[in-house]
Amino acid sequence: MFGRRHSGSKTTGAGERPTAAETVPSGGADTLLAPTSDAPGSRPAFSAAPLPPGAPAPASRVSEQARPTMLPRERSENYYDTKSQVFSALIDTIDLSQLAKLDADSAREEIRDIVNDIIAIKNFVMSIAEQEELLDDICNDVLGFGPLEPLLARDEIADIMVNGARRVYIEVDGKVEQTGIRFRDNQQLLNICQRIVSQVGRRVDESSPICDARLPDGSRVNVIAPPLAIDGPSLTIRKFRKDKLTLDQLVRYGTISPEGAELLKIIGRVRCNVVIAGGTGSGKTTLLNCLTNFIDRDERIITCEDSAELQLQQPHVVRLETRPPNLEGEGEVTMRDLVRNCLRMRPERIIVGEVRGPEVFDLLQAMNTGHDGSMGTIHANSPRESLNRIESMVAMGGFQLPQKTVREIIVGSIDVVIQVSRLRDGSRRITHVSEVVGMEGDVIIMQDLMLYDISGEDGSGRILGKHVSTGIGRPAFWDRARYYGEEARLAATLEAMEKGAE
C-alpha cells in the first residue's frame, strides 16, 4: 500500500497487505513524537467504559448543546501503554516521505488501515469504540496537533491551557475547567509546540524558550518551554470561533444593547479614531473584528500585529506581522517599525492589534495626520486609565515632551474609547462608550455616551444589568457624523438609547 515501507525479502500481490513479519517490528524510535518505551505484556486491557453505540469519535465536531457529554474521558495507563506500542510499530512500518505526498484525508485513511493491521497482529483486546478512539488519537499525533485536536474542534472553547504533559484546562462560557486529556510525556508536548510555531516560521527550544505564534485560523498561541517552565512546556491557545461573531450576535449575547450596537456602527462608519480598552480575555480583539465590518469596502486598510489574528472581510487589506530576532539576535522587526513603515504605504485606515509600547506615538501621529478611522486595542480597566497608559507609553519611548503637549496630541488623535470587561460570572460586556471631548487646563475631558449599569445577580450567580444612556444628545463627533450624512441616524439612535433607559 502506498505510504508503507516495503521489505525487500518478500513481495505481495496486488491488493494484499504485507505479513506481520514484514510490517510490525518489535519496537523502534519515534521519529515524530518520541513515544515512551513499549510496556511489558502483549494484551493490555482498557479500564475506561466504551462509548455508547452510534456515538461519534471524540475528535468529531459537536454542537454546543452536546458539549457536556463529549468531554474527553480520562484514559487509563494501559491505554497509553497500548498507544505507545502501536505508535512505535506504525512509525517503523510507514514511509513518512511517501505519506507526505498524500492529501490529509488519504493520509488519514492510510494510517487507519495500517493501525488496524497492527492491532490485529499484536492481538490487542479492545472494543470497536475503544479502537476508534485509538485510531483517531494516533492520526491526530501523526497529522495534527495530537491530543489538542478534539479541543480545537470544539467551537465553544475560548482558551486551551496546557500546564505540562498531564494537566490540560479549558475555558468554556467564561469558566475554567480541567479536562481528562493528557500528553504522553513532556517531549510529545514540546514536539507539538514546535510543530505549531514552525508553521509561522518561528522556533521554540532551550535557546529560545518563549514564543508567540498563531494557528492557521488566526488563534493566538503562546509557548514557554523549559528551562523557564519548570514543570514542562506551557502552551496557551486563545481560540477564535470558526463562525466569526458580529455586532448583531453580541446583541443577542447581551454584550451590548441594540441601540448601543447601532451607535458603534455609526462610530465605525464616520471614521472616528477608536481605542478599545479592556483586560485580558475581555473580548477586545473580537470587538475590533466586529467594528471593522462597517468599514467601506473600497478603503485601503493596513493591520499591524504581533501575531496576525485580525480577520477583516474587506478586499483591500494589507496584513503586517512583527518578527522576533534570530539566533544571533538580529533581524528583529518591532511593532513600531511596522507602524512607521505603513505610513509610507498610503493607508486610509491603520489598525494595530494591540498597543503596548512606543509605537503608540507613531499611531497617534497617524491618527492626527489624515488617517481617520484608525483603531487599536490596549490593556486598561477604564477609559480614563487607557489614556493614562497611552501617556505612559509615550514616555517609555524616550520622547522628551511636556506632559501637556502629550495630552494635546492624545486629544487631537483619539475620538472614542470603548471599554469591554469580563465580569465575575464569566460574561463579557461593553461597559463604557466614551468620547474624548477636549482639555481644561492640563486635564483631558471625557464624557460617557453609554454605560452598563449592574443591578445585582440572580440565584445562579449570573450578573444582571442593562446598558443605559447618559443623556448626551449631541456628542463631540456630531459634525463628523453630519459630514458623512449620518446625523439623522445618530440622533435617532441617541433618542432610542434615552427611551430605553427610562
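Q: Which residue stands opposite Gln419 in β12?
A: Ala277 does. The model is a predicted one.

Q: What makes strand β7 and strand β12 a pair?
A: Two strands pair if DSSP finds at least two bridges between them. Strand β7 (residues 274-278) and strand β12 (residues 416-422) have five bridges, in the parallel sense. They therefore count as a pair.

Q: What is the strand order of the open sheet of nine strands?
A: The order is β9-β8-β10-β11-β7-β12-β13-β14-β15. Its pairing is mixed.

Q: Why are β9 and β15 called edge strands?
A: β9 (317-321) and β15 (463-469) each pair on one side only. From one strand to the next, the twist averages 25°.

Q: How many aromatic pairs does a search of the whole structure find?
A: The search finds two.

Q: Why is the pair of Tyr483 and Tyr484 called edge-to-face?
A: Rings pair if their centres lie within 6.5 Å, and planes over 60 degrees apart count as edge-to-face. The ring centres of Tyr483 and Tyr484 are 5.1 Å apart, and the planes stand at 85°.

Q: Is Tyr483 buried or exposed, and how do you know?
A: Exposed means over 50% relative accessible area. Tyr483 has 67%, so Tyr483 is exposed.

Q: Why does Tyr484 count as partly exposed?
A: Buried means under 20%, exposed over 50%, and partly exposed lies in between. Tyr484 has 24% relative accessibility, so Tyr484 falls in between.

Q: How many cavities of 30 Å³ or more does a search of the whole structure find?
A: There are two. The second largest cavity holds about 50 Å³ of space. Its lining includes Val275, Val355, Met367 and Ile414. Elements giving two or more residues to this lining are α12 (359-367) and β11 (375-379). The largest share, four residues, comes from α12.

Q: What lines the second largest pocket?
A: The lining has 22 residues, and Arg202, Ile210, Arg323, Pro324 and Pro325 lie nearest the centre of the pocket. Strand β4 (residues 210-214) gives the most, with three residues. The volume of this pocket is about 550 Å³.

Q: How many residues of each class are in the lining of the second largest pocket?
A: Eight are nonpolar, six polar and eight charged.

Key. Residues are numbered from 1 along each chain as its sequence is written. This is a predicted model: local features need pLDDT of at least 70, side-chain atom pairs count only at pLDDT 80 or more; totals for chains, interfaces and linings use all residues. Side-chain values use heavy atoms; hydrogens and water are left out. On a 1 Å grid over the protein atoms alone, a cavity is a set of points where a 1.4 Å probe fits but cannot get out, and a pocket is an open set with protein on both sides within 12 Å along at least five of seven lines; lining residues have an atom within 4 Å of a point. Grid points are joined across faces, edges and corners, and a volume is the space filled by probe spheres set on the points. Ala, Val, Leu, Ile, Met, Phe, Trp, Tyr, Cys and Pro count as nonpolar, Asp, Glu, Lys and Arg as charged, and the others, Gly among them, as polar. Rings of Phe, Tyr and Trp (its six-membered ring) pair if their centres lie within 6.5 Å; planes under 30 degrees apart count as stacked, over 60 as edge-to-face and the rest as tilted. Buried means under 20% relative accessible area, exposed over 50%, partly exposed in between (1.4 Å probe, protein chains only). Axes are lines fitted to C-alpha atoms, for helices over the stretch in contact, and angles run from 0 to 180 degrees between N-to-C directions.
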